[in-house]
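Here are some exercises to work through with the model open beside you. Try each task before you read its solution.

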Amino acid sequence: MVDTGRGPRDGAPEAASIRLHVQSIRMDTDTFDEDQTELEVLTRKPVCFIIIGKPGAGKTTLAKRLAAVWKCQLVDGTSTIEQAIRGGTPLGVQAKEKLLNGEELDESFVAEIIVDKLNSPEIKHYGYVLDCLPSGCDQWKSVQEQVELIKELQLAPDVIINLKIPDQDLQKRRVGQKVDPLSNELFIKAVYDPDSRP
């Protein structure tokens with residue numbers, strides 16, 4: 001600010017008119033364009049997670065929590081097959097027929113259902129939490145080929161979480177696990193019998 005040597009009352013009407021002019025400009029222009037902001041939110045890439053780790057390490061438990069918090073789609077073997085069957089998708093109809101005939105769903109068929117889900121419109125809108133690929137089973141594709149498939153997805157993962165757990169801790173978790181027959185959820189002993197903790 002430059003000192004002009006004027007007192008506080010000198011030039012006061014000019015300053016007041018400048019302030020009024022600035023305030024009127026601020027009221028006339030909306031710096032927040034609601035349509036543009038909505039468009040940016042709708043076209044932004046959703047967040048996508050992959051969780052890897054040993055079986056029983058807690059991947060599915062973490063995946064369910066992340067999906068709930070981030071409002072993403074959970075993509076794991078069991079729930080994706082159930083969704084395909086309930087939704088009546090072509091692959092879901094095939095899966096239902098196989099299961100009703102007592103057949104096993106092989107790794108390549110399950111992977112096909114998962115890849116189909118990963119390319120669905122709801123995944124493009126909400127993102128995903130994937131906890132079933134890469135699979136340690138080489139029946140369908142090698143782990144390296146599965147990683148290449150993941151890299152080539154329309155929505156590549158933003159976050160990769162590797163759950164590491166020592167073998168002895170994993171064994172303790174697995175030995176005491178129980179399955180709820182109604183919900184098909186898996187519980188470790190510390191959850192269903194908290195008083196038995198050492």
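**Exercise 1. Find the aromatic pairs and describe their geometry.**

Let us begin with the count: the rule gives one aromatic pair, where rings of Phe, Tyr and Trp (its six-membered ring) pair if their centres lie within 6.5 Å. Planes under 30 degrees apart count as stacked, over 60 as edge-to-face and the rest as tilted. The ring centres of F49 and W70 are 5.6 Å apart and the planes stand at 65 degrees, so this pair is edge-to-face. Helices (H or I, at least four residues) and strands (E, at least two) are DSSP runs, numbered from the N terminus.

A word on the source: this is a predicted model, in which local features need pLDDT of at least 70, side-chain atom pairs count only at pLDDT 80 or more, and totals for chains, interfaces and linings use all residues. Residues are numbered from 1 along each chain as its sequence is written, and side-chain values use heavy atoms, with hydrogens and water left out.

**Exercise 2. Describe the largest pocket and its lining.**

On a 1 Å grid over the protein atoms alone, a pocket is an open set of points where a 1.4 Å probe fits, with protein on both sides within 12 Å along at least five of seven lines. The largest pocket has a volume of about 1,500 Å³, a volume being the space filled by probe spheres set on the points, which are joined across faces, edges and corners. Its lining, made of residues with an atom within 4 Å of a point, has 46 residues, and K59, T60, T61, D76 and D131 are the closest to the centre. Two or more lining residues come from each of β1 (48-53), α3 (59-70), α4 (77-87), α6 (107-118), α9 (167-175) and β6 (186-187). Helix α4 gives the most, with seven residues.

**Exercise 3. Trace two side-chain contacts to backbone oxygens.**

A polar contact is a pair of N or O atoms within 3.5 Å; within protein, one must be able to donate a hydrogen and the other to accept it, and residues adjacent in sequence count only if both atoms are side-chain atoms. Take Q146 in helix α8: its side chain reaches the backbone oxygen of K141 at 2.9 Å. Q146 is buried, because its relative accessible area is 1%. Now turn to S120, in the loop between α6 and α7 (121-126). A polar atom of the S120 side chain lies 2.6 Å from the backbone oxygen of K117. With a relative accessible area of 9%, S120 is buried too.

**Exercise 4. Examine two loop residues.**

K71 is in the loop between α3 and β2 (73-75). Its phi is near 60 degrees, a positive value in a residue other than glycine. At 59% relative accessible area, K71 is exposed. G136 sits in the loop between β3 (128-130) and α8 (143-151), and is exposed at 69%.

Definitions and conventions:
Buried means under 20% relative accessible area, exposed over 50%, partly exposed in between (1.4 Å probe, protein chains only).
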